[in-house]
Amino acid sequence: MIRFENASVTYPGGVHALKDVTLDIRDGEMLIIVGLSGAGKSTLIRVINGLVPLSGGDVKIDGVSVRHAGSRQLREIRSKIGMIFQTFNLVKRTTVLNNVLMGRLYGAGTLRSLFAWYRPEDIEIAMQALERVDIVEKAYVRASNLSGGQQQRVGIARALAQQPKIILADEPVASLDPPTSHVVMRDLQRINRELGITTIVNLHFLDLAKVYGERIIGMRGGELVYDGTAAQADERVFRDIYGRSLTADDVMSEAATAAATL
Amino acid sequence: MAGAAERPHPPTHAKRNLALLGAALLVGWAAVTVDVDPSEILDLPGGVALLFREMFLDPGPDWSYLPTALEGMIESLQLAWVGTVLGAILSIPLGFVGAKNVSSGGVSNVVRQLLNAIRAFPEVVLAVAIMIPIAGLGPVAGALAIGLHSIGTLGKLTAEVIEGIDPGPVEAARAAGGGSILVQRWGVLPQVLPEIVAFWLYRFEINIRAAAVLGVVGAGGIGFSLQQTISFHRYSLAGTAVIVVVLVTIAVDTVSGWVRRRIIEGAGAKRVDADAIAHPELAEVVTGPVERP
Amino acid sequence: MTAAAGSGQRPARPRQSLIVPAGLLAFLVITWLSLSDQFGIGFDLGAIIEDITNGGRILITESDSAAQRGLLVPNWAFLPRTVDPMLETFKMAVVASVVGCTVALPVAFTVSRVTAPNGVVLFLGRTVLSVVRAIPDLLYALMFVAAVGIGPLAGIVALVFFNIGVVAKLLSETVDGVDPGPIEAARAGGGNRTQTVRWAVLPQVLPNYVAYSLYTFELNIRASTVIGIVGAGGIGNLLFTQYRFFNWSNVSIVVVTLFVFVLLIELISIWLRRRLV
Ligand SMILES: Nc1ncnc2c1ncn2[C@@H]1O[C@H](COP(=O)(O)OP(=O)(O)OP(=O)(O)O)[C@@H](O)[C@H]1O
Ligand SMILES: [Mg+2]
């Protein structure tokens with residue numbers, strides 16, 4: 001259970017990116033956050049694992065405060081939270097397996113990871129993570145040799161290798177073409193359902209949000225402006241979130257969406 | 001649950017491991033056969049600590065030696081400066097002739113090899129083997145040695161900068177019938193002058209380090225004081241001289257680095273990226289296909 | 001100029017920047033001072049040309065006695081005596097490169113903005129590194145010979161410090177420019193600083209590190225010829241002994257050996273860089 005209690009973030013430049021957000025996220029939920037660029041979606045996601053420090057309020061994960069965690073405790077919290085990035089954030093010059101093993105850093109400890117003496121069980125976990133996203137045959141390929149979609153699946157496998165309770169995904173499909181976006185989103189959905197991992201996804205495209213979100217949250221100017229089911233989120237709701245009428249840029253190609261939802 | 005695909009086998013790095021083993025053997029051989037006693041290594045920290053204490057702490061630097069040290073350092077700066085100017089002036093024609101797009105391939109190759117050959121000799125060796133026999137002991141020999149060595153590096157870099165000139169304007173000028181290639185290249189020299197001047201300044205920074213020690217062989221500058229005070233165990237005096245060398249070198253580096261950045265930013269660096277300008281030695285390193293992030 | 005006629009306003013003449021003329025003036029003044037007899041090093045072009053013509057004669061002096069021949073009349077019989085010192089120089093360079101480049105690795109991560117543990121360590125590290133870089137190789141050799149006595153150990157330690165200065169500086173600036181994405185990923189997964197550096201940063205800069213290390217090895221070969229002059233082992237020792245006795249025809253043999261050796265190492269190093277990187 002993730003609980004935001006009047007969480008606020010003010011960046012050094014003075015931008016109020018998060019204003020007094022109060023929110024509960026239940027275990028096993030698939031939550032999708034939508035909002036204009038600059039609305040504070042990335043900030044909301046990053047305060048959960050402490051990558052962005054809070055300036056007010058608190059975020060508690062199963063009752064443990066993120067704001068007041070020391071650096072050791074923060075690393076422990078992070079080890080249970082997988083993260084997936086828009087730009088994949090893989091180390092391109094090393095193998096896929098080494099990238100996935102980055103998910104085992106906390107579990108393996110400093111000395112083992114420093115000299116790459118991973119335990120067999122760490123390697124097994126990494127391999128299983130790769131199998132779950134169907135890319136295990138690339139384990140020893142350099143990450144730079146993969147396509148964008150494949151790289152994002154490696155990104156997901158890296159998060160899975162942490163054996164996380166929560167997965168955070170910051171615009172995971174924004175760098176991908178529509179069909180690949182659906183493959184990646186379905187992977188996330190499957191993982192959420194099969195493993196019961198709480199999954200929080202930032203999305204830009206509204207149609208994707210409606211297809212994959214059980215619960216949708218709308219953000220505007222650092223505040224929550226909508227919180228409801230995907231079914232309730234009609235065009236009027238999105239207009240409220242975006243503060244303007246929707247354009248073609250806000251939805252992914254109709255055809256691809258239709259093909260994917262069949 | 002598990003996907004249909006087979007898990008791949010980890011690749012064997014036989015060739016890489018063999019190369020690593022070879023390298024390890026070479027290093028092991030060098031370490032074992034080099035003429036160093038293990039007992040010497042044990043004495044090292046104590047010896048260094050003792051010297052450090054005498055030079056900088058107790059009794060520490062003797063400030064009455066400051067005027068002498070400063071005078072020597074100024075001479076070092078001056079001979080570094082003169083050497084750099086000499087090298088810079090002579091490297092321009094050599095850089096032109098060494099550029100493939102100015103002279104013919106054969107000539108430029110010969111010149112490049114010559115420049116490489118010059119670079120192979122450290123300044124101190126040039127001073128000992130050529131300049132002191134010719135010009136006698138003193139700072140002039142040091143300046144000449146630095147100048148000669150600088151021709152090697154500056155000539156190479158100048159040639160590379162000239163080769164990198166945008167061919168557009170030159171082609172246009174040639175189409176309009178404007179003289180020989182050499183003349184046209186000369187015309188575009190101002191275009192690359194900022195980069196070349198930045199290299200000169202950088203070379204000056206390196207040359208100061210050489211100039212600070214040329215005195216050890218009698219080629220002028222503070223090196224003479226350093227050598228005399230250290231070999232006669234006058235460590236308080238040596239401490240003063242070392243402090244002068246370090247502070248003056250850092251000061252000149254800072255000023256020169258600032259000027260270099262101003263020059264390059266002002267000119268909006270044409271070809272060589274900012275990284276290589278900040279570290280022209282990278283231009284020497286990155287001859288192979290090294291990716292730079 | 002009097003008031004402009006016509007309706008169009010003439011633009012003000014752009015102010016000429018004073019930087020270029022000021023720089024040129026500074027250049028001329030410094031050069032003149034440095035060259036002058038009274039304030040500078042007393043650089044006299046005429047005398048130098050005269051020296052070169054005289055010195056040229058010294059260079060080619062022929063004599064039956066090897067000790068009196070000129071620089072350009074090498075004493076080939078001396079060649080075998082250069083082999084051992086040259087080998088020692090090579091060994092010193094190998095050991096110093098390995099030690100220096102190994103130490104430089106953690107140092108580089110300490111003085112890069114991206115990977116430094118905190119601002120204080122970053123500042124202190126950079127200050128120390130610029131002092132290390134300000135001391136020339138031969139001065140290190142002088143000091144270490146004083147501290148541990150003559151011999152290769154002093155030379156190796158001197159080269160190690162020289163290497164740390166070069167590699168740590170180059171590498172730390174490469175680290176400054178790495179892709180921050182993987183670093184964020186490693187931190188988000190619960191990795192500590194060491195782990196982040198090892199898995200998110202090191203793979204990105206490894207090829208550069210290898211290239212810089214090979215480059216310093218070349219520098220070491222050149223430098224180790226010099227440090228022998230103060231008794232720190234290697235071929236420099238031989239060079240300086242012959243020089244002290246004005247035995248030019250032997251000096252020239254040492255210089256030739258040195259030259260061939262340096263070029264050979266450079267060729268191998270370039271080949272390796274192409275293969276490895
Ligand atoms: N590191 C930072 N320093 C200062 N301001 C920041 C920083 N990161 C984000 N901001 C500002 O905070 C606000 C919210 O940013 P955030 O990245 O959370 O938005 P977002 O909804 O994720 O937008 P996008 O869709 O563009 O990713 C923006 O105004 C942004 O400019
Ligand atoms: Mg964002």
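Mentor: Let us begin with a term: a salt bridge is a side-chain nitrogen of Lys or Arg within 4 Å of a carboxyl oxygen of Asp or Glu. Please keep in mind that this is a predicted model, in which local features need pLDDT of at least 70 and side-chain atom pairs count only at pLDDT 80 or more, while totals for chains, interfaces and linings use all residues. Residues are numbered from 1 along each chain as its sequence is written, chains are lettered from A and ligands numbered from 1 in the order in which they are written, and side-chain values use heavy atoms, with hydrogens and water left out.

Trainee: Why is the meeting of R119(B) and E266(C) called a salt bridge?

Mentor: The side chains of R119(B) and E266(C) come to 3.8 Å, N to O, and the limit is 4 Å, so the pair qualifies as a salt bridge. The count between chain B and chain C is 1 salt bridge.

Trainee: What makes E184(C) and R46(A) a salt bridge?

Mentor: Their side chains meet at 2.8 Å, N to O, which is within 4 Å, and therefore the name applies here as well. Between chain C and chain A the count is likewise 1 salt bridge.

Trainee: Which helix gives the most residues to the side of chain C that touches chain A?

Mentor: That is α8(C), with 10 residues, where a helix is a DSSP run of H or I of at least four residues, numbered from the N terminus.

Trainee: How many residues are in contact between chain C and chain A?

Mentor: Contact means heavy atoms within 4.5 Å, and by that rule 22 residues of chain C are in contact with 27 residues of chain A. For chain B and chain C, the contact takes 71 residues from chain B and 72 residues from chain C.

Trainee: What makes S37(A) a polar contact of ligand 1?

Mentor: A polar contact is a pair of N or O atoms within 3.5 Å (within protein, one must be able to donate a hydrogen and the other to accept it, and residues adjacent in sequence count only if both atoms are side-chain atoms). A polar side-chain atom of S37(A) lies 2.6 Å from an oxygen atom of ligand 1, so the pair falls within the limit. Backbone atoms can be set against the limit too: a polar one of K41(A) is 2.9 Å from an oxygen atom of ligand 1, and a polar one of A39(A) is 3.2 Å from an oxygen atom of ligand 1.

Methods: Helix = DSSP H or I, 4+ residues; strand = E, 2+ residues; numbered from the N terminus.
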